[in-house]
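Visitor: Could you take me through the salt bridges of this model, with the criteria spelled out as you go?

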Amino acid sequence: LFIAAGLTAAIIIAAFLLGNNRTRESAGIIDKKYRITQQDYWNTLETGKRFDGSDADGYFKDSAANRHTLDFFSFLQDRFRDMEYDGHMKAVREYLRQTIRPPDRAEEMYELYARYTEYQKEAYMDRNLRAPGGAPEDMLENLRRIQDFRRRYFGEDTADAVFGVEVKSSEYALRKQIVISDAGMSGKEKEERLASLRREMWGGQADTIDGRGTPLDRYNEKLKIYQAELAAMDEEERAGKISEFRREIFTPEEAARMDSADSQVRSIRERDRDYSRQSREILEDGSLLEQEKNRRIRELHKRLYGLH
């Protein structure tokens, strides 16, 4: 009877990694007055983190609608999941009366929860609110459309208070992807635009907003940003540029190990090319008998690979 709270996020976040470019900067979906922080954003990245309900009263002292509401509703749906609808709603109401004070705040929370369960059903049934496949620009536009629907459904302040963290986090990821996949910008221009995007969306936390990513995450993003330039380079130039990126992101020891591994791979690739070229020449030599061809190929294999 219930659509899991995570489905709402899935509708929005379904295509973070899709690429293409058609849209430039636009005003943020969520007003900055809601003061969504980098910690809020980081919390959305921790998929295993769950609301345990132990301090529900403390989270909702001032209002039932805030950045904790979605997690709390997910907790309620999971806690009372093995029940038919009427029994579920009755159990939720009783639980809220026992855990949230004063009583009018508990009733406010119940009414918002009841509204939320109805919203989930309508959002699921409305094809216009399904995440389209394709470019992140399409996903960003759909994100706006979903939030506009919520504002009409719950009221603007409630919708932005409840869904603001989720929406801003999704918007940031999508707008980053739009920049990274923009074929009309160089890698340097993309990095400058990404820095501008961080300042635009996160203000004083711009320098640390992506701090939860690992060095490997930052390295892979760097390769995506400079993908076009790297593809246009010859093998030696590309290896030098990648080595430069590694020294920028990893420790000297880590970068050296990665360069060494790459060097070994290149040596193996060159050896394989040599073997393929020379063995083909032997096989195509019409002056050699079959027995002689086999002998020479065995010798070539032994010389290059050191194997019998």
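Predicted model: local features only at pLDDT ≥ 70, side-chain atom pairs only at ≥ 80, totals over all residues.

Guide: For accessibility, buried means under 20% relative accessible area, exposed means over 50%, and partly exposed lies in between (1.4 Å probe, protein chains only). Residues are numbered from 1 along each chain as its sequence is written, and side-chain values use heavy atoms, with hydrogens and water left out. The protein chain has a mean pLDDT of 88, with 88% of its residues at 70 or more.

A salt bridge is a side-chain nitrogen of Lys or Arg within 4 Å of a carboxyl oxygen of Asp or Glu, and by this rule there are 29 salt bridges. In one of them Arg 93 pairs with Glu 107, their closest N and O atoms lying 2.4 Å apart; Arg 93 belongs to helix α5 (residues 85–99) and Glu 107 to helix α6 (residues 103–125), helices being DSSP runs of H or I with at least four residues, numbered from the N terminus. Arg 93 is partly exposed at 28% relative accessibility, and Glu 107 is partly exposed at 22%.

Lys 176 and Glu 221 form another salt bridge, with 3.0 Å between the closest N and O atoms; because Lys 176 lies in helix α8 (residues 156–180) and Glu 221 in helix α10 (residues 215–225), the pair ties together parts 45 residues apart in sequence. Here Lys 176 counts as buried at 12% relative accessibility, whereas Glu 221 is partly exposed at 24%.

Conventions: pLDDT = per-residue confidence, 0-100. Helix = DSSP H or I, 4+ residues; strand = E, 2+ residues; numbered from the N terminus.
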